Amino acid sequence: MNTKSDYNTATTDRAHPRVSVSGLCFPTLSAIDAIEAIGELGVSKTSMTSAKIRESGVDAVATASRRHGVSMVTTTALLRFDLTPGADIEGQIDGARADIDQAAAVGAGSVYTLTGRRAFADWDANAAAYAEATSDLVQYAADKGIAVAVEPTNWLYADLNFVHSFHDALLLGVRTGMGVCLDLFHVWTEAELLDDIRKNIELVSHVQLSNMSAGMRSLPCRDVPGAGDVPIRHIVKELLDSGYTGTFDLELSGPSIDDRGHREAATESVAWLGELLTELGA
């Protein structure tokens, strides 16, 4: 078995510069320790939840990023609102501003968010209410050099989000001025996915990658790239050909990842994705 120093020596080669590893790949580690682990993989970019950054402290996270040469490309932000008439929107907006401030303090260029659950039966009414609630926040973030993106999720997350497809995320983005955090795990089955990518690539601010464990019927059922049914190579090629210039963020979680081991799954995925990006000329 390798000691920690053996492992560090074995992983000094730098990963492809457009590969990012999410802090969610290391669910038991603090933000500080996750950054160190990611740096040991030779990866120079990460994403992190706002809660994890807050727990470790902004200054400590920024210091760890500099020490290990791992920059923060994006963080989550709590723009997940209760849109029920009469709800305390101002209090929620204050929390969102705090997350945007925190993202700027750790050097992130964007934040991504869920919307919150439906408050109205009609999707359009929810979109209109959300656009009104976030109208000032998008500019607030832009003034700090932060882009805001909405992440579509599987409908099983309906208690947290009313956007469940890339197509609907684009519709909301047009209304709010937000981009889209494209997590392929949630949207890869959409019939018009590639066409929507081609036509709206400027709205894709961040891409998250994982595969899926075929046959599993509960979430999370993510797997490492190359070990499932998601046509990652095909979609990544389309993103690159359409002009996407950002990072590809590995987000790995669930029983299959736990069984492999978090560090082992991340190591395997970084190598696989780096080879793919090199092959595709990224």
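## Nonpolar core

A nonpolar core is a set of buried Ala, Val, Leu, Ile, Met, Phe, Trp, Tyr and Cys residues joined through side-chain atoms within 4.5 Å. In this predicted model, the largest such core holds 79 residues, and the members that touch the most others are Leu-182 and Phe-248. The element giving the most to this core is helix H6, residues 123-143, which supplies 8 residues.

Leaving aside residues up to four places away in sequence, Leu-182 is in contact with Phe-166, Val-187, Leu-193, Ile-197, Val-204, His-206, Val-207, Gln-208 and Leu-239.

## Largest pocket

The volume of the largest pocket is about 520 Å³. Its lining comprises 24 residues, and Leu-24, Thr-76, Leu-114, Glu-151 and Glu-251 are the closest to the pocket centre.

Three elements each contribute at least two residues to the lining of the largest pocket: helix H3 (50-56), strand S4 (110-113) and helix H8 (184-187). Sorted by class, this lining contains 11 nonpolar, 8 polar and 5 charged residues.

Conventions
Residues are numbered from 1 along each chain as its sequence is written. This is a predicted model: local features need pLDDT of at least 70, side-chain atom pairs count only at pLDDT 80 or more; totals for chains, interfaces and linings use all residues. Side-chain values use heavy atoms; hydrogens and water are left out. On a 1 Å grid over the protein atoms alone, a cavity is a set of points where a 1.4 Å probe fits but cannot get out, and a pocket is an open set with protein on both sides within 12 Å along at least five of seven lines; lining residues have an atom within 4 Å of a point. Grid points are joined across faces, edges and corners, and a volume is the space filled by probe spheres set on the points. Helices (H or I, at least four residues) and strands (E, at least two) are DSSP runs, numbered from the N terminus. Ala, Val, Leu, Ile, Met, Phe, Trp, Tyr, Cys and Pro count as nonpolar, Asp, Glu, Lys and Arg as charged, and the others, Gly among them, as polar. Buried means under 20% relative accessible area, exposed over 50%, partly exposed in between (1.4 Å probe, protein chains only). Contact means heavy atoms within 4.5 Å.
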